[in-house]
Amino acid sequence: MRAHPALANRHSVGAQVACAARYLSTIAAVPYDEDLADRIRELVGGESGLTEQRMFGGLAFLIGGNMAIAASGQGGVLVRVDPAQSDTLVATTNARLMEMRGRQMQGWLRVDPKNVRTKRQLAGWVELGTAYARSLPAKR
């Protein structure tokens, strides 16, 4: 995974993710949509190494310690994808890059609630996020 160009010389990708998590945990947001979290839980329930953790102002679903998808406190979902796919997904879907402190974060996509209303819509995003999380080394 490549670092964001603006930070490539200063921080590892892991440090960027930790920074993003710290920043987003400070944002005052409405509580996440519990019904949406239940719908995600239904779709990821069979995943090996699945855990849930409050983060990014919502409820994140992690596989092997790597975030796959979250019911966002800002509404909709936050999906972690291969950074190399970010631009294509933004161009071909209703997703947008997550922004942190005015910077767009490759590999982190926001999808609005209206675009995850149906099971089919949500399942597509869950599959993208879980496939990427499964491809990463498990964290200890």
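What follows is a dialogue on how terms are applied to this predicted model.

Trainee: What makes up the secondary structure of the protein, and in which order do the elements run?

Mentor: The protein has four helices and six strands. Read from the N terminus, the order is α-α-β-β-β-β-α-β-β-α.

Trainee: Why is N115 called buried?

Mentor: The cut-off for buried is under 20% relative accessible area. N115 has 12% relative accessibility, so N115 counts as buried. The residue sits in the loop between strand 6 (103-111) and helix 4. Over the protein, 41% of the 140 residues count as buried.

Trainee: What does N115 touch, leaving aside residues up to four places away in sequence?

Mentor: N115 touches N94, Q121 and W125.

Trainee: What makes the pair of N115 and N94 a polar contact?

Mentor: A polar contact needs a pair of N or O atoms within 3.5 Å, one able to donate a hydrogen and the other to accept it. The side chains of N115 and N94 make such a contact at 3.0 Å, so the pair meets the cut-off of 3.5 Å.

Trainee: How do you know that the buried residues of helix 2 are on the same side?

Mentor: In helix 2 (residues 34-44), the buried residues are L36, A37, I40 and V44. They cover an arc of only 100° around the axis, and therefore lie on the same side of helix 2. On the other side of helix 2, E34, D35 and E42 are exposed.

Trainee: Which elements do the buried residues of helix 2 pack against?

Mentor: Their partners are strand 1 (50-55), strand 2 (58-63), strand 3 (66-71), strand 4 (77-80) and helix 4 (119-135). Helix 4 lies across strand 2, strand 3, strand 4 and strand 6, and runs at about 160° to strand 3.

Trainee: What makes D33 a cap of helix 2?

Mentor: A side-chain oxygen of D33 lies 2.9 Å from the backbone nitrogen of D35, at the N-terminal end of helix 2.

Trainee: How do you know that strand 5 and strand 6 pair?

Mentor: Pairing requires at least two bridges between the strands. Strand 5 (residues 96-100) and strand 6 are joined by five bridges and run antiparallel, so they pass that cut-off. Within this pair, M98 has M105 as its bridge partner, and E99 stands opposite Q104. Two residues lie between the strands of the hairpin, where R101 takes a positive phi near 55°.

Trainee: How many bridges link strand 4 and strand 6?

Mentor: Strand 4 and strand 6 have four bridges in the antiparallel sense, against the required at least two, so they too count as paired. L78 stands opposite R110 in strand 6.

Trainee: Why are strand 1 and strand 5 called edges of the sheet?

Mentor: The six strands form an open sheet in the order 1-2-3-4-6-5, with antiparallel pairing. Strand 1 and strand 5 each have a single partner strand, so one side of each has no neighbour in the sheet. On average, neighbouring strands of this sheet are turned by 40° against each other, direction ignored.

Trainee: What part of the contacts joins residues at least 24 apart?

Mentor: Among contacts between residues at least 6 apart in sequence, 53% join residues at least 24 apart.

Trainee: How much of the accessible surface belongs to carbon and sulfur atoms?

Mentor: The accessible surface is about 7,800 Å², and 49% of it belongs to those atoms.

How values were computed:
Residues are numbered from 1 along each chain as its sequence is written. This is a predicted model: local features need pLDDT of at least 70, side-chain atom pairs count only at pLDDT 80 or more; totals for chains, interfaces and linings use all residues. Side-chain values use heavy atoms; hydrogens and water are left out. Buried means under 20% relative accessible area, exposed over 50%, partly exposed in between (1.4 Å probe, protein chains only). Contact means heavy atoms within 4.5 Å. Accessible areas come from the Shrake-Rupley method with a 1.4 Å probe; for residues, only the protein chains shown count as cover. The arc is that of the directions from the helix axis to the C-beta atoms. Axes are lines fitted to C-alpha atoms, for helices over the stretch in contact, and angles run from 0 to 180 degrees between N-to-C directions.
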